[in-house]
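The stops below are given in the order in which they may be selected.

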Amino acid sequence: LDRSSAASDVYKRQPISLDPLTGPEQTAAAACIDPQRLQSPDVTADELFEAAQCFGEHRAFAKELRVYMHLNKMHPSGSHAAEVLVLLGQRYEQLDMRSKAVSHYRSYLDKYPKREDAPAVGKRAVCLARSVDDHDTAQALLSRLERNYGRKGFVIPPQTAFEQLCGPVVR
């Protein structure tokens, strides 16, 4: 989660919006991908990933999210699948849509529990679930961390674990 940890810090600091773009931003974002190509049944995962990245760079966040979701639907096991789930979680976190972020992080943990960054993604999901008072999800995620990565410091009482992972709850 090296990339996503750093990105997560950035996401916390920079407020963004799903408001439609205007002027030069709209023109620049329009060049990301041809709308007809986007809807083509043979559009590649790489094309979709690059388009989503382009939309994000031009602050067309609603389009970025839609393209990532489309990519996830069209190529659920593709080369970008794991990264897309984390990127969706990060973007929803940045938009303060924490429940959606938790959902994408949880999907990542379901599909990629053995990846090197899975413990860090799990920690983030626990903290976000806790921050939106979703205690059942937070507890389930914490239990999963204990079960999957117990020898890496997760076998402690839940309240202590929450405080160590997340610090005080910020709402």
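Which residue just after H8 takes a positive phi? Select Asp133, where phi is about 60 degrees.

Before continuing, note that this is a predicted model, in which local features need pLDDT of at least 70 and side-chain atom pairs count only at pLDDT 80 or more, while totals for chains, interfaces and linings use all residues. Residues are numbered from 1 along each chain as its sequence is written, and side-chain values use heavy atoms, with hydrogens and water left out.

**The whole chain**

Helices (H or I, at least four residues) and strands (E, at least two) are DSSP runs, numbered from the N terminus. Colouring by burial will show that 43% of the 171 residues are buried, that is, under 20% relative accessible area with a 1.4 Å probe, protein chains only. Of the contacts (heavy atoms within 4.5 Å) with a separation of 6 or more, 57% join residues 24 or more positions apart.

**Helix H8**

Select residues 118–131, which form helix H8. Eleven of the 14 residues in H8 are buried, so the helix is mostly covered. Among the buried residues are Pro119, Val126, Cys127 and Arg130.

**Helices H4 and H6**

Next select H4 (residues 45–57) together with H6 (residues 81–94); their axes come within 12 Å and cross at roughly 20 degrees. The axes are lines fitted to C-alpha atoms over the stretch in contact, with angles running from 0 to 180 degrees between N-to-C directions. The two helices are therefore roughly parallel, a term for angles under 35 degrees.

Show side chains at the contact: Phe49, Gln53 and Gly56 in H4 meet Glu83, Val84, Leu87 and Arg91 in H6. By class, this contact has three nonpolar, two polar and two charged residues; Ala, Val, Leu, Ile, Met, Phe, Trp, Tyr, Cys and Pro count as nonpolar, Asp, Glu, Lys and Arg as charged, and the others, Gly among them, as polar. The buried residues of H4 include Phe49 and Gly56. Beyond H4, select Arg59, whose phi is positive, near 65 degrees.

**Leu65**

Finally, select Leu65 in helix H5 (residues 61–74). Leu65 is buried, with a relative accessible area of 5%. Its C-alpha atom lies 8.7 Å from that of Tyr92, 27 residues apart in sequence.

Methods. Parallel < 35°, antiparallel > 145°, perpendicular 65-115°, else oblique. Buried < 20%, exposed > 50% of the residue type's maximum accessible area, 1.4 Å probe, protein only. Expected span 1.5 Å × (residues − 1).
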